[in-house]
Amino acid sequence: MEVNANFSDNAKNDFRLVNRAREGDQKAYADLMHRYKDSIYFMALKMVNNKEDAMDLTVETFAKAFEKLDKYQPDYAFSTWLFRVGTNNCIDFIRKKKLNTLSINGMVDEDGDDRPLQIKSDTLNPEEMSMKREQTQLLKLLIDSLPPRYRNLIVLRYFDEQSYEEIAEQLDLPLGTVKAQLFRARYLLGNIVNARNRDDI
C-alpha cells in the first residue's frame, strides 16, 4: 500500500504506525492512541457537552478505529479517517440517547454476572506463553486508556480478584453503583478486546 505523496510528515508517520499496528505491533497502537486521544476527547466534548460521556466516546472511538484498521485506505490522512470515525460515533450516541449494550452479551453469563475478561490462549507451549504475555501487556495498555474510575474498578475486579462487596467497601460506594460502573467498564474494554480477538481468528 503506497503512502499518499501529498501527506505531511505527521501523516506519513501515522501511516507507518498504522502499518505496524496491522502487523500486531502493540506500541504502534499505543502511539496512535497517545497522539490523538486529547483531540478526539475535545471533539467529543464539543459534540456531547458532557465530560464523562466524552471520555467514554473517546475510548469507543479508538476501539472502533482499531477494529476497522484494515479498512483504512491512505487516500486521506489517518487523522482525517479517525476523526470521521469519532464524529460518527458521537452522532450515533446523540441519536440513540442511550448506550447500546448488546455488545456486552458475550462477556456475561446466563445469570447476567460477568465473566472474566480474557484474551484467547488455549495452550501453554513456550511460543503461546510468550504470545499470552504480549496480549496481557496489550490488555493492560488498553485498560490504562480507560477513564480513571473504570480503570480502577477493572483492576480491582479482574487483577486483584476482589468481590463486588469488597470493592464497594474499599471505594465507599453503594454495591449497585459498583456493579453498574463495572458493567459500563466492561462494555468499553470489551469492544477493544473482542476486536483484537477477532483479528487473531
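Predicted model: local features only at pLDDT ≥ 70, side-chain atom pairs only at ≥ 80, totals over all residues.
**View 1. The largest nonpolar core brings together 40 residues.** Within this core, F78, I154 and L182 have the most contacts. Two or more residues come from each of α1 (9–22), α2 (26–48), α3 (51–67), α4 (78–96), α5 (126–144), α6 (148–159), α7 (164–171) and α8 (175–200). Domain 1 (9–103) and domain 2 (146–200) each supply at least three residues to this core.

**View 2. L182 and its surroundings.** Beyond its neighbours within four places in sequence, L182 touches L153, I154, R157, Y158, Y164 and I167.

**View 3. D14 and R35 form a salt bridge.** Their closest N and O atoms are 3.1 Å apart. Here the pair links distant parts of the chain, with D14 in helix α1 and R35 in helix α2, 21 residues apart. D14 is buried, at 1% relative accessible area, whereas R35 is partly exposed, at 31%.

**View 4. D31 pairs with K27 in a salt bridge.** The closest N and O atoms lie 3.0 Å apart. Because D31 and K27 are four residues apart in helix α2, about one helical turn separates them. D31 is partly exposed at 23% relative accessibility, while K27 is exposed at 52%.

**View 5. R95 and D92 form a salt bridge.** Their closest N and O atoms are 3.3 Å apart. Both residues belong to helix α4, three residues apart, or about one turn of the helix. R95 is exposed, with 61% relative accessible area, and D92 is partly exposed, with 29%.

Methods:
Residues numbered from 1 in each chain as written. Heavy atoms only, no water. Core = buried A, V, L, I, M, F, W, Y, C linked by side-chain atoms within 4.5 Å. Buried < 20%, exposed > 50% of the residue type's maximum accessible area, 1.4 Å probe, protein only. Domains from an automatic or database assignment. Contact = heavy atoms within 4.5 Å. Salt bridge = Lys/Arg side-chain N within 4 Å of Asp/Glu carboxyl O.
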